[in-house]
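Keep the sequence and the 3D view open as you read.

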Amino acid sequence: MVRVGGVAIRGYGGYVPRYRIRAEEIGRIWGVGAAELPVGEKSVAGPDEDVATMAVEAARMALRRAGIDPRKIGAIHVGSESKPYAVKPTGTIVAEAIGANPSKLAADFEFACKAGTEALSLISGLIQTGIIEYGLAIGADTAQGRPRDALEYTAASGAAAFILGKPDRQAVALIEAWSGYVTDTPDFWRRPFDRYPVHAARFTGAPAYFKHVVGAVKSLLDGDGYSIDEIDYFVFHQPNVKFPLAAAKMLGIPKEKVLPGLLSDKIGNTYSACSLLGLVKVLDQAQPGQKILLASYGSGAGSDAFIIKVLDAILERRDLAPRLDSFLEDKIYIDYATYLKFRGEILRR
Amino acid sequence: MRVPSYWRNMPFIYRLSGWRCEHCGAFHPVKPLLCRRCRSRRFSAVELPRTGRLRAYTILRSPPKEFKDLAPYAIGLIELDDGTRVLGQLTDFRSEELRNGVRVEAVFRRIRVNGEEGLIEYGYKFRPVAREASPP
Amino acid sequence: MGKVFIAGVGFTKIAEHWDRSLDGLLVEASLKAFDNAGLSEVDSIYVGNALAEALQDQMHLGAAVAEDLGLARVPAFRVEAAEASGAAALYAGFNEVASGRADAVLVVGGEKLSDGLPEEVSSGLMMGGRPYYESFIGADFYSLNALLYRIYCERYGCDNLASFPVMSHAHAEGVAHAQYPFKLSLEKVLSSPFIAEPLRRLEVSGIGDGAAAVILVGERLAGKLKSPLSQLQVASATDRLNPFDRESPLRFQSVGLAVSLVLRDARLSRNEIGFIELYDATSIMAALCLESSGFADPGKSGELAARGELDLGGSLPCNTFGGLKARGHPLGATALYQIAEAHLQVTDQAGRNQVDSAGAGLAIAIGGVGATAFASIVKRV
């Protein structure tokens with residue numbers, strides 16, 4: 001664990017597209033019954049959306065909450081596994097759309113579902129060392145679900161953005177501590193010209209998700225770390241509903257502290273945005289002084305874990321942009337054929 | 001658009017950013033030498049408001065070739081909160097939300113994709129405001 | 001400025017001419033005009049065309065047509081003003097004769113739209129706007145018309161606008177050069193699918209190929225020719241490209257100005273106009289054309305059409321051979337079809353379509369959605 005000094009969240013934003021497909025609609029096509037479905041429904045990006053467009057939505061909201069001049073943002077890093085270009089950074093597109101160009105740093109990050117929190121971690125370092133005044137960390141994905149595969153039910157779309165800076169009276173939260181736990185564990189991967197990732201089924205459980213999430217979280221709780229009692233919310237990477245609750249159980253964390261940040265039943269797994277959107281949901285409701293533990297998970301594999309303390313300014317800054325609930329509640333249900341059309345499976349481009 | 005032209009126009013198409021004539025108030029997407037309306041030569045940089053009202057709309061069913069895959073799509077005439085009139089594609093509408101007077105907001109979307117290899121062109125579209133937050 | 005006369009006209013049938021090229025159509029119309037005028041030489045050539053670069057990969061049409069006519073030495077120019085290119089060519093040719101610089105000028109307009117797909121034609125028309133605005137977001141010609149239609153409907157009600165295509169088609173029955181020489185009922189128009197709501201497919205002119213030509217001569221040469229003559233005046237005006245950047249989108253100021261100017265130049269009042277070749281690329285444009293030129297009160301043009309006032313036998317015959325909707329609209333050629341037809345009217349050569357003792361006719365051509373307007377008067381001599 002690293003005790004972080006001098007890094008605060010100035011603004012945050014979470015975006016989920018309007019469209020939803022129910023897991024039972026997907027199950028209808030493949031003959032899979034309700035009992036086997038890992039989530040209730042998932043979000044689907046519209047045909048004119050992609051990681052860049054969703055990242056901009058989230059970033060614009062983060063900017064409204066932060067209330068800073070976008071030209072002072074020195075780094076914009078987008079973490080994703082479905083970025084629009086294999087070569088051309090998404091960060092520069094986002095920067096242009098929010099008026100932050102020219103910036104200093106803007107490479108894209110990939111680390112499966114933890115690319116967004118990796119951006120958060122590294123930008124914290126840039127702030128702490130004074131290399132930049134403000135930084136924008138984004139996790140965004142329009143994850144590719146292989147038809148008929150188990151992950152088709154959960155691979156979803158969303159984006160979450162955080163503007164970091166030095167702590168001041170406008171900061172909404174403080175990053176107090178951080179830990180990372182990374183190994184070479186090939187539980188899920190995608191080769192460059194393949195449309196869909198491949199996963200190693202049950203291997204994605206104990207040796208992958210649980211080992212790394214528990215590993216990173218323990219590093220914040222053990223020794224002279226934090227106690228479970230002093231943390232009010234636990235937000236874990238949530239590829240489905242079972243895993244984050246099981247991780248909580250393993251760690252002795254009461255379920256009530258996990259549920260507020262658990263969105264997967266309603267929106268599926270938004271990959272690089274996943275745990276970050278849970279954090280957004282919690283920031284939308286937390287009170288000043290409360291503490292949040294965030295632990296992401298990215299296949300391949302690793303976990304970033306943070307202790308975040310909510311500050312007073314959140315009360316007046318929170319509603320400068322729409323809360324995540326308004327995106328969660330604003331839904332248009334689509335059928336499987338429309339889903340294929342939106343995902344570019346019919347008109348291959 | 002060709003790459004250099006697209007790049008030159010990013011401020012307008014990404015952020016509705018442009019130039020207002022200081023004499024007559026006419027909005028120009030690209031910094032002009034001369035006001036298109038009154039021929040005056042002084043301009044202020046401006047970012048148009050991102051919200052407004054839908055003044056009129058239509059749905060295209062036989063679009064031009066660049067937009068074939070998108071058909072049918074809607075084009076709207078929007079009156080932004082400062083009175084500026086702007087045309088834009090409409091997105092994410094439920095059919096009952098597509099009516100005159102509806103409040104809309106500008107969002108950043110893919111406008112067109114040039115095949116498998118070419119540039120992805122981004123720009124603004126408008127969608128119904130489902131949620132209003134307090135102004136910044 | 002000297003007087004300018006139309007000494008001869010010629011045009012092809014408007015159709016999907018799969019086996020003809022653009023050059024071929026331009027030559028056919030030009031030769032017909034030469035024959036009609038009794039001339040074989042001109043001092044210069046003006047070619048009206050909008051989309052040859054886009055659909056035929058051909059620029060430099062002026063020199064190409066001169067060569068095709070065996071006149072490769074004569075000054076020749078391609079003139080472009082979007083869909084009104086033919087009228088722009090006419091305006092340029094008119095000036096050369098009126099100034100005395102030329103005795104005789106060939107003005108020919110042609111378009112070969114069927115070489116492209118309909119969506120390519122639509123793309124081409126969209127270039128009448130700005131590449132970073134209308135073209136960028138796909139706000140094509142039909143959508144801009146549809147938005148105007150909506151606003152018109154809100155202000156005035158618009159039940160009658162579909163009467164415009166009905167009127168045009170009634171006049172095209174039996175017209176040899178028309179693309180759609182048959183009647184169209186109101187029911188058929190109103191049940192046709194939407195192109196861009198509320199604009200229906202049968203309220204919009206189709207895609208066709210054709211070429212039309214006129215020979216313009218000055219006074220000196222006019223006296224020596226045997227062919228029937230008419231006198232020409234042309235005026236033009238522009239307005240902002242996008243109708244919604246204008247003060248009043250429902251008033252085509254360009255049309256109003258051009259018509260006022262040409263009436264002044266011809267020393268005629270509106271009452272003395274015996275017929276109008278309206279620019280009915282869409283029903284809403286026909287309405288705005290008639291209203292903006294002062295021949296109908298705002299919101300009332302549809303009523304005139306519905307009541308039959310614009311029929312051949314009515315108080316103000318329009319589109320005497322079918323207009324853009326029924327005779328056809330091959331972009332760069334269209335204005336010259338209008339002029340040729342007006343010439344036939346005032347020289348009593350219109351046959352079954354003759355408007356009785358028409359002293360003068362007005363033709364209105366529009367580029368884009370009212371960004372350019374040309375108003376021409378063809379007068380009996």
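## A covered helix in chain C

Start with helix α8 of chain C. Its buried residues pack against four helices of that chain: α9 (186-191), α12 (283-292), α13 (301-306) and α14 (323-327). Bear in mind that this is a predicted model.

How many residues of α8 (residues 163-172) of chain C are buried? The count is 9 of its 10 residues, so the helix is mostly covered. The buried residues are Ser163(C), Phe164(C), Pro165(C), Val166(C), Met167(C), Ser168(C), His169(C), His171(C) and Ala172(C). Just past the end of α8(C) comes Gly174(C), with a positive phi of about 80°.

## The sheet of chain C

Chain C also holds an open sheet of 9 strands. Read across it, and the order is β3-β2-β4-β7-β1-β8-β11-β10-β9. The pairing is mixed. Which strands stand at the edges? They are β3 (76-79) and β9 (275-277) of chain C. Each has a single partner strand, so one side of each is left without a neighbour in the sheet. On average, neighbouring strands of this sheet are turned by 30° against each other, direction ignored.

Now look at one pair within the sheet. Strand β10 (residues 360-367) of chain C pairs with strand β11 (residues 372-380) of chain C. The pairing is antiparallel and runs over 8 bridges. Find Ala360(C), and you will see Lys379(C) of β11(C) standing opposite.

## Nonpolar cores

The largest nonpolar core has 288 residues. Which of them touch the most other members? They are Ala55(A), Ile138(A), Leu216(C) and Ile364(C). Helix α2 (residues 51-66) of chain A gives this core its largest share, 11 residues.

Take Leu216(C) as an example. Leaving aside residues up to four places away in sequence, Leu216(C) touches Val4(C), Phe5(C), Ile6(C), Gly93(C), Phe94(C), Val97(C), Ala104(C), Val105(C), Val107(C) and Leu232(C). Another core, of 7 residues, lies apart from the largest one. Among its members are Val175(C), Ala178(C), Tyr180(C) and Phe321(C).

## Two domains in chain A

Turn to chain A. The domain assignment gives domain 1 (7-171 + 318-342) and domain 2 (173-314). Their C-alpha centres lie 16 Å apart. Across the boundary, 48 residues of domain 1 of chain A are in contact with 44 residues of domain 2 of chain A.

Which elements give two or more residues to the domain 1 side? They are β2 (8-15), β4 (41-44), α4 (115-128), β6 (134-142), β7 (157-165) and α10 (324-329) of chain A. The largest share, 6 residues, comes from α4(A). By class, this side of domain 1 of chain A has 22 nonpolar, 15 polar and 11 charged residues.

## Where chains meet

Two pairs of chains touch, and chains B and C have the most contacts. Here 28 residues of chain C are in contact with 28 residues of chain B. On the chain C side, α5 (118-126), α6 (134-137), α7 (141-156) and β5 (194-196) each supply at least two residues. That side divides into 17 nonpolar, 4 polar and 7 charged residues.

What about chain A and chain C? No contact joins them. Their closest C-alpha atoms lie 12 Å apart.

Notes: Residues numbered from 1 in each chain as written. Chains lettered and ligands numbered in written order. Predicted model: local features only at pLDDT ≥ 70, side-chain atom pairs only at ≥ 80, totals over all residues. Contact = placed C-beta atoms within 7 Å. Nonpolar A, V, L, I, M, F, W, Y, C, P; charged D, E, K, R; others polar. Domains from an automatic or database assignment. Buried ≥ 20, exposed ≤ 12 C-beta atoms within 10 Å, placed from the backbone. Pairing = 2+ DSSP bridges. Axes fitted to C-alpha atoms, helices over the stretch in contact; angles between N-to-C directions. Core = buried A, V, L, I, M, F, W, Y, C linked by C-beta atoms within 7 Å.
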